Amino acid sequence: MPLVYEKIGIFPSIYTSSLRFSTKLSSIPEAMASSLFFSTPIPTKLISKQKPFSHHSSNPLLPQSTHKPLRSLVVSSAAAIEAETETSSSNSTPLKSLPFRVGHGFDLHRLEPGYPLIIGGINIPHDKGCEAHSDGDVLLHCVVDAILGALGLPDIGQIFPDTDPKWKGAPSSVFMEEAVRLMHEAGYELGNLDATLILQRPKVSPHKESIRANLCKLLGADPSVVNLKAKTHEKVDSLGENRSIAAHTVVLLMKK
């Protein structure tokens, strides 16, 4: 017996007590032992401290949860889906309401013999004109792109594609009317416009006021808010060699 003590690492007194206790239990009839077990009260404080089990528990001795947590989960999920839908809808809105918007436009066309040179809706006498699907009005195309850009819309080539035969030879005033309509529909009006023409020939100064007046008419704007400048390209590249014409435009749109 001492050898057993040394192997299991316990003292004789503890081993003796354990042996006596097990002997006493073995002498209790099975029915009495079962009765003793179930008649022993379970501390209610221990039960109250237990965390509630989910409604999936099948143990009859454990408290069953109601459907309230599940209902709360459904309501929370529905609210999250609704919030996500509202966010998606707001993200799909192409235009945010701002006190003002700024847009920049640029266009360039190649000059070729046999085409009319139309700038700002005015036919300018010249031996070359713009080769384009429409009338090739570089200034109006540029202004349209600036307005569309300020509104956060696609460019003129996407709205009026050159693959559509109905725009073949169309006057650019049609594009201007649509851009102005979209501007007003979005709740904006022209604050001011500044445009720069770049070409080596012909001289724009004799036609400058006619171009600006027609531009104001198409925009429905006061002449005081529409500015037009013209520059040469100092005989550099295609612009300076009179093989092309370009324009830049900046517009400021104000909330009505």
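**View 1. Glu112 stands opposite Gly129 in β4.** The strands concerned, β1 and β4, pair in the antiparallel sense over 3 bridges; two strands pair if DSSP finds at least two bridges between them. Helices (H or I, at least four residues) and strands (E, at least two) are DSSP runs, numbered from the N terminus. The model is predicted: local features need pLDDT of at least 70 and side-chain atom pairs count only at pLDDT 80 or more, whereas totals for chains, interfaces and linings use all residues. Residues are numbered from 1 along each chain as its sequence is written, and side-chain values use heavy atoms, with hydrogens and water left out.

**View 2. An open sheet of 5 strands has mixed pairing.** The order of the strands is β4-β1-β7-β5-β6. Strands β4 (128–130) and β6 (226–231) stand at the edges with a single partner strand each, so one side of each has no neighbour in the sheet. From one strand to the next, the twist averages 20 degrees.

**View 3. Strand β7 pairs with β5 and with β1.** Strand β5 (residues 188–198) and strand β7 (residues 244–255) pair in the antiparallel sense over 10 bridges. Within this pair, Glu189 has Met254 in β7 as its bridge partner. Strand β1 (residues 100–113) and β7 are also paired in the antiparallel sense, over 11 bridges. Here the bridge partner of Val102 is Leu252 in β7.

**View 4. Helices α8 and α9 lie against strands of the sheet.** Helix α8 (residues 173–185) packs on the sheet and touches β5 and β7, where contact means heavy atoms within 4.5 Å. The direction of α8 makes about 145 degrees with that of β5. Axes are lines fitted to C-alpha atoms, for helices over the stretch in contact, and angles run from 0 to 180 degrees between N-to-C directions. Helix α9 (residues 208–219) lies across β5 and β6 and runs at about 140 degrees to β6. Glu178 is found in helix α8 and counts as partly exposed, at 25% relative accessibility. Buried means under 20% relative accessible area, exposed over 50%, and partly exposed in between (1.4 Å probe, protein chains only). Glu178 and Ile159 are 19 residues apart in sequence and 9.8 Å apart in space, C-alpha to C-alpha.

**View 5. Thr249 is buried in the model.** This residue lies in strand β7 and has a relative accessible area of 0%.

**View 6. Phe100, Val102, Val250 and Met254 make a nonpolar surface patch of about 350 Å².** Strands β1 and β7 each supply at least two residues of this patch. Val102 belongs to strand β1 and is exposed, with a relative accessible area of 54%. Nonpolar side chains (Val, Leu, Ile, Met, Phe, Trp, Tyr) are joined within 5 Å, and like charges within 9 Å. Accessible areas come from the Shrake-Rupley method with a 1.4 Å probe; for residues, only the protein chains shown count as cover.

Technical notes. Patches are made of residues with over 30% relative accessible area and no salt bridge: like charges are joined within 9 Å, nonpolar side chains (Val, Leu, Ile, Met, Phe, Trp, Tyr) within 5 Å. A salt bridge is a side-chain nitrogen of Lys or Arg within 4 Å of a carboxyl oxygen of Asp or Glu.
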